[in-house]
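Hi,

Here is the structure I said I would pass on. Have a look at it first, and then read my notes below.

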Amino acid sequence: MVCPVCGGKSTGKVGVDQFYCWDCCVEYRQNNEVLTVFDVAEDGTLVAWEEELSAPYM
Ligand SMILES: [Zn+2]
């Protein structure tokens, strides 16, 4: 699966419908048509992005 944030392919599956991007160091989860991106804190906590994915992040 291509990373929805950077469009890169350095992604790995870390759970059911859950992926990790090695370039962005974010996790993202696809749930039907809803895609949620998480920052991974140093202690492993997932912090969901509040912005819409269509925003220009790069
Ligand atoms: Zn990425």
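Does Cys21 count as buried or exposed? At 0% relative accessibility, Cys21 counts as buried; the cut-offs are under 20% relative accessible area for buried, over 50% for exposed and partly exposed in between, with a 1.4 Å probe and protein chains only.

Before the rest, some housekeeping. This is a predicted model, where local features need pLDDT of at least 70, side-chain atom pairs count only at pLDDT 80 or more, and totals for chains, interfaces and linings use all residues. Residues are numbered from 1 along each chain as its sequence is written, and side-chain values use heavy atoms, with hydrogens and water left out.

**The chain as a whole**

Helices (H or I, at least four residues) and strands (E, at least two) are DSSP runs, numbered from the N terminus. The chain has 58 residues, and 22% of them count as buried. As for contacts (heavy atoms within 4.5 Å), take those in the chain with a separation of 6 or more: residues 24 or more positions apart account for 13% of them.

**The zinc site**

Back to Cys21, which is one of the protein donors of the zinc ion. The donors are Cys3 (SG), Cys6 (SG), Cys21 (SG) and Cys24 (SG), and they lie 2.1 to 2.3 Å from the ion. A donor here is an N, O or S atom within 2.8 Å of the metal (3.2 Å for Na, K and Ca); water is not among the atoms, so sites may look incomplete. Along the sequence, the donor residues follow the spacing C-x2-C-x14-C-x2-C. Cys6 sits in the segment before strand E1 (11-15) and Cys21 in strand E2 (residues 18-21), so this pair ties together parts that are 15 residues apart in sequence. Cys6 is partly exposed, at a relative accessible area of 31%.

Why is the arrangement around the zinc ion called tetrahedral? Because the four donor atoms subtend angles of 103 to 118°, and four donors count as tetrahedral if all angles lie between 85 and 135 degrees. For reference, the ideal angle for four tetrahedral donors is 109.5 degrees.

Glu27 is buried yet has no salt bridge, a salt bridge being a side-chain nitrogen of Lys or Arg within 4 Å of a carboxyl oxygen of Asp or Glu. The nearest side chain of opposite charge is Arg29, 5.5 Å away; Lys and Arg count as positive and Asp and Glu as negative, while His and the chain ends are not counted.

Which side chain does Glu27 join in a polar contact? That is Gln18, at 2.4 Å. By polar contact I mean a pair of N or O atoms within 3.5 Å; within protein, one must be able to donate a hydrogen and the other to accept it, and residues adjacent in sequence count only if both atoms are side-chain atoms. Gln18 is found in strand E2 and is buried too, with a relative accessible area of 14%. Leaving aside neighbours within four places in sequence, Glu27 is also in contact with several other residues, including Phe19, Tyr20, Phe38 and Leu46. Leu46 turns up again among the residues that Gln18 touches.

Val26 lies in strand E3 and counts as buried at 2% relative accessibility. Its C-alpha atom is separated by 5.6 Å from that of Phe38, 12 residues apart along the chain. Not counting residues up to four places away, Val26 touches Cys21 and Trp49, among others.

Tyr20 is in strand E2 and is buried, with a relative accessible area of 16%. Between Tyr20 and Val37 there are 9.5 Å in space, C-alpha to C-alpha, and the two are 17 residues apart in sequence.

**Two loop residues**

Asp17, in the loop between E1 and E2, has a positive phi near 60° although the residue is not glycine. Asp17 is partly exposed, with a relative accessible area of 40%. Asn32 has a positive phi as well, near 55°; its place is in the loop between E3 and strand E4 (34-40), and at 69% relative accessibility it counts as exposed.

Best wishes

Notes. Tetrahedral: all angles 85-135°; square planar, octahedral: opposite > 155°, others 65-115°.
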